[in-house]
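The sequence and structure come before my notes.

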Amino acid sequence: MAVTSEASLRYSTHPLDKYLRADRLPHIWCSGCGIGVALGSILRAIDRRVREGSLDPSKVVFVTGIGCSARASFYVGFDSAHTIHGRAIAFASGAKLANPELQVMVVGGDGDIAGIGGNHLIHAARRNLDIIVFMITNFVYAMTGGQLAPTTPQGLYTTTTPHGNPERPLNVIKLVSALMPNYVARASITHPPLIEQYTYKALGMEGFRFIEIMSTCPEVFGRHAGYRDPVTLYNVLRSKVRVKQNPHVDESELSWESGIVLGEYLIRNEPGYVRKLKEVVR
Amino acid sequence: MKLEFMSGNMAIAEGAITAGMRFFAGYPITPASDIMEYLAEVLPEKGGLVVQYEDEIASINAALGASWAGVKSMTATSGPGFSLMVEALSLAAITETPVVVADIMRAGPSTGVPTKTSQSDVFQVRYAPHGEHLIPALAPWSVQEAYDLTIKAFNISELVRTPVILLSDAVVAHMWESAIIKDVNEVEIVNRKKPSTPPNEYMPYKPDEDLIPPMANFGEGYKVLVESLAHDERGYYRQSNDVYRKLIWRLINKVKRHIDKIYDYETYYLNNETEYLIISYGSTARSALAAVRDLRRKGVKVGMFRPKTLWPTKEEVIKEVTKDVKKVFVVENNTGKMVAEFERYIKKAEVVSIPILSLDIPTPEEILEVVSSWL
Ligand SMILES: Cc1ncc(C[n+]2csc(CCOP(=O)(O)OP(=O)(O)O)c2C)c(N)n1
Ligand code: SF4
């Protein structure tokens, strides 16, 4: 085996740098945070599409609200908008409808997308609006320091449920699936190729495409759940998720106790909202 | 150019079309819904789109997204809906997004008297959005002016890269008058300034001499960054006093710098003999002018000042029109609001607030009665 010299290990560019505002690095995400893994996988899928000529990077728009996950928009080297908490889908819908040539992608935390932004999520899915939404589920409100999220496991300590969370977590996969958009899938940062594969596929589709990405927040969730060490938390999440071919939506329960099923829950090929609009108004 | 008989709300819709608005996002609310209904009928013919969203929050945010995609956009609502939009208006201010929001005032607070008029949102439009900003607001008093000021609102928003509020009310909204509707080439239409720098040198918040940054749209290859955090010229978040001060003062000063393009008003019977001045705006000014005419027939040396632009105030104009008068009466359909703004600039004359709450509009008789008691 050849000995790699130290110099050759140093690099000044990364293959994905062309899709980043590299002058803003290092990013603010904590070491061991899952968001970077999620974003890296999304960018690799974009790169594949760009390289095969099926995606024009100048038409890609990232729209996010506010939160740790939402910071993704200001690191990516595309047109991007870092807007306000919960409203990314609404903003994105205006951009997409005003210029249907754009490939509009929303990234947000579960609070951003399904808590404060839940109403927009529901209606965008119902309309089969032609955008891709990535919801990064880290079970907690991370950016604001560890409060209850709609996905927090029951019984867990958070800073706003110091006696334990009395609420049942929201199964967003089931909620969105009920609205019959074109694509619903769940991936995990413990399985980056899955994120990449689903994103690649979604990029080739029309209509509303929703990808939940299970993620790790060692800094806040890890602390609450007793897994402060990033590797430990990663391994715990890995032990809880299970990949399944075409799982049924009844298997989508978000259960920290009995496990979380990854996979593609819904794949349809209905006309997206943009096409529907063209059919009614011409 | 053609003369059309129409309502104030239809005039807003027509004005928006003339100005080039092609994306309307809204949520139904009396007395604004008929703007969306009218546009839903006619905008598609012009290649535009009307979408009824799930709420007012979605509507304004969608309008902002559309604006960044390069399409002039608007939404319309009334007091309760406007309250839901204020967070996004703050976003529009810091991201310098051109957008027009029509607020058709109705009687509040809360659900109040939904079908009836009021002028009680005049402070809401100025002060409800959080943080520092100076969002212009225009108030029409007639159907013709609803048309003209809508075009002006779009022109200001595109010129200054700012949200603009069109502050109408239930009376102007639903009265019918004849109005001259113009062709696009018969009226000045302003479009946002485009960057002249190549994409790799473009900074989305780097202003020109006029304090306004050129605006690249999504999809044009400029890697635009719409940033709600306080940012430097590249759009990068900075937590420094220097960057923050520079940004905020520029946001305020770019509006002030263009005050001559923003500020508009009308004076009536104002000369160096005028002793009394009535200030009134929007639908209430119609009754106020009738009262002024009546008083003049009785020999009272009274004139009137009617701001069409409620925010920001052009201080010099207020000083000028009040410099020779003894008393100023501010007549408005609320508990006395804009009077506080005018009072800031009127140093010599005595200022009397004449708040007349009326679900219709204050009548000339009501105004006459109160004003007469102060003469
Ligand atoms: C209207 C509004 N309310 C509250 C906040 C404060 N806030 C910022 S991020 C956030 C939640 C973050 O959690 P999540 O969306 O799940 O994203 P994460 O940080 O976990 O990635 C909250 C409540 C805000 N910015 N705006
Ligand atoms: S607080 Fe949690 S979610 Fe936020 S960057 Fe740190 S590890 Fe990631």
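Predicted model: local features only at pLDDT ≥ 70, side-chain atom pairs only at ≥ 80, totals over all residues.

Residues are numbered from 1 along each chain as its sequence is written, chains are lettered from A and ligands numbered from 1 in the order in which they are written, and side-chain values use heavy atoms, with hydrogens and water left out.

Entry on ligand 1.
I looked up the surroundings of ligand 1 and found 17 residues, the closest being Cys68(A), Ser69(A), Gly111(A), Asp112(A) and Met143(A). The site is shared between chains, because residues from both chain A and chain B surround ligand 1. I sorted this shell into seven nonpolar, seven polar and three charged residues, counting Ala, Val, Leu, Ile, Met, Phe, Trp, Tyr, Cys and Pro as nonpolar, Asp, Glu, Lys and Arg as charged, and the others, Gly among them, as polar. Helix H4 (residues 110-115) of chain A gives the most to the shell, with three residues; helices (H or I, at least four residues) and strands (E, at least two) are DSSP runs, numbered from the N terminus.

An oxygen atom of ligand 1 lies 2.6 Å from a side-chain N or O atom of Ser69(A), and a ligand oxygen is 3.2 Å from a backbone N or O atom of Val140(A). Taken alone, ligand 1 exposes 590 Å², of which the protein buries 77%, with accessible areas from the Shrake-Rupley method and a 1.4 Å probe.

Entry on ligand 2.
Around ligand 2 I noted residues including Trp29(A), Cys30(A), Cys33(A), Cys68(A) and Cys217(A). This shell divides into nine nonpolar residues, one polar and one charged, and its largest share, three residues, comes from helix H8 (residues 218-225) of chain A.

Entry on the domains of chain B.
I found chain B divided into domain 1 (2-186) and domain 2 (265-374), with bounds from an automatic or database domain assignment. The contact between them, meaning heavy atoms within 4.5 Å, takes 29 residues from domain 1 of chain B and 26 residues from domain 2 of chain B. Together the two domains bury about 2200 Å² between them, 61% of it on carbon and sulfur atoms; buried area is the accessible area (1.4 Å probe) that two parts lose on being put together, summed over both.

Entry on the backbone.
Most residues other than glycine have a negative phi, and most peptide bonds are trans. Another cis peptide bond joins Gly108(B) and Pro109(B), with omega about 0 degrees.

Key: Near = heavy atom within 4 Å. Polar contact = N/O pair within 3.5 Å; in protein donor to acceptor, adjacent residues only side chain to side chain.
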